[in-house]
Amino acid sequence: SAAHSFRKVYDLNDEQLIQYIHGDTLTIPLDKGWYGVAYKGHVFAGGRSDGRMLKNKYPKRLRRR
């Protein structure tokens, strides 16, 4: 069983990971709802999709500028 409680998971590529940890919203067309945000199969954060963009819910104190 997975160690997260997200029904849907989106695995970021290298470029998307850098954008995400900077706090950016990612333009990715996904079904609306909450997603586990993963890198190389490991979920490390959450995000919410409005259907067009994955909104960043990564904790502000952990973001890198």
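User: Helices (H or I, at least four residues) and strands (E, at least two) are DSSP runs, numbered from the N terminus. Where is the place of lysine 8?

Analyst: This is a predicted model, in which local features need pLDDT of at least 70, side-chain atom pairs count only at pLDDT 80 or more, and totals for chains, interfaces and linings use all residues. Residues are numbered from 1 along each chain as its sequence is written, and side-chain values use heavy atoms, with hydrogens and water left out. Strand β1 comprises residues 9–12. The place of lysine 8 is in the segment before β1.

User: Is lysine 8 buried, partly exposed or exposed?

Analyst: Buried means under 20% relative accessible area, exposed over 50%, and partly exposed in between (1.4 Å probe, protein chains only). Lysine 8 touches Asp31, Lys32, Gly33, Trp34, Tyr35 and Gly36, not counting residues up to four places away in sequence; contact means heavy atoms within 4.5 Å. The relative accessible area of lysine 8 is 29%, so the residue is partly exposed.

User: In what order do the elements of the protein chain run from the N terminus on?

Analyst: The protein chain has 1 helix and 4 strands. The helix, α1, comprises residues 14–21. From the N terminus on, the order is β-α-β-β-β.

User: What is the radius of gyration of the protein chain?

Analyst: The radius is taken over C-alpha atoms, and the globule rule is 2.2 Å times the number of residues to the power 0.38. For 65 residues the rule gives 11 Å, and the chain is close to that, so it is as compact as a globular protein of that length. The C-alpha trace spans about 35 × 25 × 20 Å along its principal axes. The radius of gyration of the protein chain is 11 Å.

User: Which strand is joined to β2 in the parallel sense?

Analyst: Two strands pair if DSSP finds at least two bridges between them. Strand β2 (residues 33–39) is joined to β3 (residues 42–49) by 7 bridges, and these two run antiparallel. Leucine 12 stands opposite tyrosine 39 in β2. The parallel pairing of β2, made through 4 bridges, is with β1.

User: Which residues form the covered face of β1?

Analyst: The uncovered face of β1 holds Val9 and Asp11. Tyr10 is among the residues in contact with glutamine 16, which is buried, with a relative accessible area of 13%. The covered face consists of Tyr10 and Leu12.

User: Which residue in the turn of the β2 and β3 hairpin has a positive phi?

Analyst: The hairpin has 2 residues between its strands, and tyrosine 39 has histidine 42 as its bridge partner in β3. Most residues other than glycine have a negative phi.

User: Which residue takes a positive phi in the hairpin of β3 and β4?

Analyst: Strands β3 and β4 (residues 54–56) pair in the antiparallel sense over 3 bridges. There are 4 residues between the strands, and one has a positive phi near 105 degrees. That residue is glycine 51.

User: Which residue in β4 is the bridge partner of arginine 48?

Analyst: Arginine 48 is found in strand β3 and is partly exposed, with a relative accessible area of 33%. Leaving aside neighbours within four places in sequence, its contacts are Gly33, Trp34, Met53, Leu54, Lys55 and Lys57. The bridge partner of arginine 48 in β4 is lysine 55.

User: How far apart do the centres of the positive and negative side chains lie?

Analyst: Lys and Arg count as positive and Asp and Glu as negative, while His and the chain ends are not counted. The place of a charge is taken as NZ of Lys, CZ of Arg, CG of Asp or CD of Glu. The protein chain has 13 positive and 6 negative side chains. The centres of the two sets lie apart by 10 Å.
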